[in-house]
Amino acid sequence: MTDDDMTDPAEEACGAEREPDPSDSLRTFGAVVQALREHAGFSRAEFSDVVRFSKHTVESVELGRRMPDEAFVERAEGATGNTGALRKSSGFLTRGEVGLAVWFRRWARLEKTAVSLCTYECRLVPGLLQSEAYARAVFDNSIPPLSDRQLEAQVAARLDRQKMLYERPNVPFSFIVEEHLFRRRLGGREVTCGLLDHVLGLAALRNVTLQVMPLDAEFHACLDGPVRLLETPARRRLAYSEGQQNGRLIADAKEVSLLYQCYDTLRSQALNPKDSRGLLERLRGEL
């Protein structure tokens with residue numbers, strides 16, 4: 001039996017915490033562990049002997065693949081000079097949000113406390129407005145294909161985000177969505193019918209404003225692509241832009257101000273909420 005086969009009871013608990021989707025905080029914590037270990041002059045093998053966890057576990061923690069338990073943190077803290085860095089930072093560790101793209105997670109966390117949210121979309125009906133069947137159709141088109149577990153996680157995460165619309169009735173949610181997205185029969189006729197019914201129901205909420213950008217619009221202030229805007233409880237404005245396999249949080253005040261101007265202009269170019277609802281009802285009747 002090798003040293004790596006000898007498992008401390010505490011390691012069994014730590015080993016059970018293998019992360020399927022590591023969070024940024026776990027990766028950062030792991031990088032700090034590695035930096036302190038190297039500064040103390042330990043190889044991974046030597047460090048594993050000191051903290052009484054296998055070399056594989058040390059490596060997994062350093063790479064952000066495992067959530068370290070209290071025993072690992074305390075032993076690693078002692079082995080690296082008791083600076084307090086590991087003990088204090090461990091209190092901020094969070095697991096990866098399963099079902100959310102890595103580049104979207106920070107924005108998703110900001111959404112939960114925002115005092116206002118604005119969304120313009122030209123690719124897909126926004127996630128916060130998607131019906132379950134429509135969301136499934138979206139993920140069914142993923143390349144490479146998702147496993148059943150991955151698909152269910154994606155759908156569950158999307159539906160969980162939608163709870164904000166009901167649970168935060170004092171937060172205004174504004175959406176501007178291109179007409180062609182409601183005309184595209186993604187998933188088929190039945191899915192599209194359900195989507196329109198779902199969106200019409202959400203648009204009836206007092207805190208939700210939905211405007212449709214018509215196909216025959218002669219002017220368009222957001223031709224550069226989709227954008228999301230929010231205001232924090234501290235009244236700071238932030239923006240988010242997303243493309244193929246990436247997303248960017250925008251904090252620069254001048255850039256955010258310009259995007260708010262674009263969105264405000266688009267509001268005046270899109271159909272008003274009443275006419276938008278009428279258009280969706282007509283589309284529903286045509287199916």
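## What "buried" means, and a first example

A residue is called buried when its relative accessible area is under 20%. Take T119: its relative accessible area is 7%, so T119 is buried. Keep in mind that you are looking at a predicted model.

Where does T119 sit? You'll find T119 in strand β1, which covers residues 116-121. Leave out residues up to four places away in sequence, and T119 still touches P126, S174, F175, I176, V227, R228 and Y263.

## The whole chain

Let's zoom out. The protein chain has 287 residues, and 44% of them count as buried. Its secondary structure comes to 13 helices and six strands. The chain exposes about 15,200 Å², and carbon and sulfur atoms supply 51% of that area. Now look at contacts with a separation of 6 or more: 74% of these are between residues 24 or more positions apart.

How confident is the predictor? The average pLDDT of the protein chain is 88, and 88% of the residues score at least 70. Residues 1-17 are another story, with a pLDDT below 50; in the model this stretch has 29 contacts beyond near neighbours in sequence. Where pLDDT is low, the predicted coordinates should not be read in detail.

E231 belongs to strand β4, residues 227-231. Is E231 buried or exposed? The cut-off for buried is under 20%, and E231 has a relative accessibility of 16%, so E231 counts as buried. Setting aside neighbours within four places in sequence, E231 is in contact with A114, V115, S116, R236, R237 and Y260.

Two of those names, R237 and Y260, come up again in another arrangement. The charged end of R237 sits over the ring of Y260, 4.0 Å from the ring's centre.

## Aromatic pairs

A pair of aromatic rings is described by the distance of the centres and the angle of the planes. How many aromatic pairs are there? The count comes to three. One of them is F42 with F47: the ring centres are 6.0 Å apart and the planes are at 50°, so this pair is tilted. F47 is buried, with a relative accessible area of 0%, while F42 counts as partly exposed at 24% relative accessibility.

Another pair is F53 with F72. Here the centres are 5.3 Å apart and the planes are at 70°, so the pair is edge-to-face. This pair links distant parts of the chain: F53 is in the loop between α3 and α4, whereas F72 is in helix α5 (residues 70-79), 19 residues apart. Both F53 and F72 are buried.

## One side of helix α3

Which residues of α3 are buried? They are F47, S48 and V51. These residues cover an arc of only 105° around the axis, and therefore lie on the same side of α3. The buried residues of α3 pack against α2 (24-39), α4 and α5.

## A helix contact across the sequence

A108 is part of helix α7, residues 105-111. With a relative accessibility of 6%, A108 counts as buried. Along the chain, A108 and R161 are 53 residues apart, yet their C-alpha atoms are separated by 8.1 Å.

Most residues other than glycine have a negative phi, and most peptide bonds are trans.

Just after α3 comes R52, with a positive phi of about 60°. R52 lies in the loop between α3 and α4 and counts as partly exposed, at 48% relative accessibility. N82 isn't a glycine either, but has a positive phi of about 50°. You'll find N82 in the loop between α5 and α6 (85-89), where N82 is partly exposed with a relative accessible area of 49%.

What kind of peptide bond joins I143 and P144? The bond is cis, with omega at about 0°. P144 is placed in the loop between α8 (132-140) and α9 (148-167).

How values were computed
Residues are numbered from 1 along each chain as its sequence is written. This is a predicted model: local features need pLDDT of at least 70, side-chain atom pairs count only at pLDDT 80 or more; totals for chains, interfaces and linings use all residues. Side-chain values use heavy atoms; hydrogens and water are left out. Helices (H or I, at least four residues) and strands (E, at least two) are DSSP runs, numbered from the N terminus. Buried means under 20% relative accessible area, exposed over 50%, partly exposed in between (1.4 Å probe, protein chains only). Contact means heavy atoms within 4.5 Å. pLDDT is the predictor's confidence in each residue, from 0 to 100. Accessible areas come from the Shrake-Rupley method with a 1.4 Å probe; for residues, only the protein chains shown count as cover. Rings of Phe, Tyr and Trp (its six-membered ring) pair if their centres lie within 6.5 Å; planes under 30 degrees apart count as stacked, over 60 as edge-to-face and the rest as tilted. A charge sits over a ring if NZ of Lys or CZ of Arg is within 6 Å of the ring centre and within 35 degrees of the ring normal. The arc is that of the directions from the helix axis to the C-beta atoms.
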